[in-house]
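I opened this entry to look up a few packing and pairing details. The notes follow in the order I checked them.

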Amino acid sequence: MASYFDDIEFIIEEMVSFQKLVNENRLDEISPRDALCNMPRRDGRGIYIYGQEANNRFYTIADKIIAERPEFRERVEPSELLSDLKKSIIKRVIEANGPVTAKEIRKLVRDVRDAARGLLQDVTYYIPCNLSSDSRTDSFSIGPVRFLKSVSVAKEIDPFPLEYPEAKLGDALKYYESFEWVAEISIKQCSPTVSLSRANQLLELVFDTLTVVFSGSRSNDLGFKSGSPVPKETHLLSINANSELQVQNRISWKQHRLPDNWLASIKELAFDRFLDQVGRILQPDFYGNSEFPLVQRFLNSLRWYGDGTRDKNLSGRIVKFTVAIEILLLTGSASEKTRTFSQRGHALLTGLQLTEDPQPERDFVWLYNIRSDIVHGRSHMESINYASGLRAEELCRQALFHGIQLFREIGFENEDKLEATFARLIEVNQGKP
């Protein structure tokens, strides 16, 4: 309890100092930043100002309460505990009769833990998505994400009573039906903030995975954040050289360009294995589990790839694709990064075979050099062409395809074997016994 006591003591001291300034009418000595950090008195007669530094201590206390119990880790956000934490501090410390004791602090922590447990719940989300129609199926799953046709949503939710009478349900269903697909994601025993955030993270990773399969150039606007995939009329106002007002309008049909039977094509091209592997590590027993560091490494790489495909700046795309590959290849003791990056990249793509064509290694050298030129200002945006962006993306796609296979073979829990594995692959590539 000593660590809690120190933080609480600091908060009280700050509150006393600010209250002294208020009592002495020295409000001009309180910065707006500190004044905004306050909480109401229990009797409703004013507020307690505690300031920015003490505000940070509230987060520290909430962090400790979460860290001490496995049931709360990665399931509750510290910000969600602040309101109950402040109420309990006022009740058991600030407005309590008598000295602050270890017993009262234990009660305070218990109050906040009880509040945290009350936040944990199972929630199933239905999130509308921009995804091509597929005439051969009405539903499919990738890991914990189940996709169903939007017209099926009404039937799915019909057995469940509304929490409150809601006249807008009809409008909501009409909105959902303007999409082709809806993603159903169930999140268990998380707070509301963490639950929705995790559902969005999982869905974004699934779309990043589909983009790896089809490439960014074929999956523009694939996702769930761009609104309904219907043609949009856009307008542009301008004044021409003759000082005449012009109104331009056009219909935009921009969206992804996946084939109608894209699910079948995934299987025909043998990409279904990749989807299955990613879907497996998105399941709760792998996702967010610190016992499988290579899972987290792969998913971080996948996120950087997804960010790269969405970046409109060609230089930014290349840097992000390179970072995604670095996450797969580099370990803490790696030196001579260009050489390590290129040799390991080549080894990842070629596996246990003697190198006859060093082209993959040259590709990785090219990528790391152009990335360095961009980062260090030696290469300007005008000198980066679209072909370079496509070349970098294709290298990243191939690294992801092979990366998850390698990590699975090593064992997702065995990050400590990654460096030795690459060393062995490179020896074989170079023809060493």
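**Sheet and helix notes**

The model is a predicted one.

I then followed β3 to its partner. It pairs with strand β6 (residues 181-190) in the antiparallel sense over eight bridges. I located Pro128 opposite Val182 in β6.

Next I turned to the helices. The axes of α12 (residues 314-329) and α15 (residues 386-410) come within 9 Å and cross at roughly 20°. Angles under 35 degrees count as roughly parallel, so I logged α12 as roughly parallel to α15. The crossing of α12 past α15 is left-handed. On the α12 side I listed the contact residues as Leu314, Arg317, Ile318, Phe321, Ala324, Ile325 and Leu328. From α15 the contact includes Tyr386, Glu393, Leu400 and Phe407. Sorted by class, the α12 contact with α15 has 13 nonpolar, two polar and two charged residues.

Last, I checked Thr322, which is found in helix α12. Is Thr322 buried or exposed? I have Thr322 down as buried, because its relative accessible area is 0%. Setting aside neighbours within four places in sequence, I found Thr322 in contact with Phe341, Leu367, Tyr368 and Arg371.

Conventions. Residues are numbered from 1 along each chain as its sequence is written. This is a predicted model: local features need pLDDT of at least 70, side-chain atom pairs count only at pLDDT 80 or more; totals for chains, interfaces and linings use all residues. Side-chain values use heavy atoms; hydrogens and water are left out. Axes are lines fitted to C-alpha atoms, for helices over the stretch in contact, and angles run from 0 to 180 degrees between N-to-C directions. Helices (H or I, at least four residues) and strands (E, at least two) are DSSP runs, numbered from the N terminus. Angles under 35 degrees count as roughly parallel, over 145 as roughly antiparallel, 65 to 115 as roughly perpendicular and the rest as oblique. A crossing is left-handed if the near helix is turned anticlockwise from the far one by less than a right angle, and right-handed if clockwise. Contact means heavy atoms within 4.5 Å. Ala, Val, Leu, Ile, Met, Phe, Trp, Tyr, Cys and Pro count as nonpolar, Asp, Glu, Lys and Arg as charged, and the others, Gly among them, as polar. Buried means under 20% relative accessible area, exposed over 50%, partly exposed in between (1.4 Å probe, protein chains only). Two strands pair if DSSP finds at least two bridges between them.
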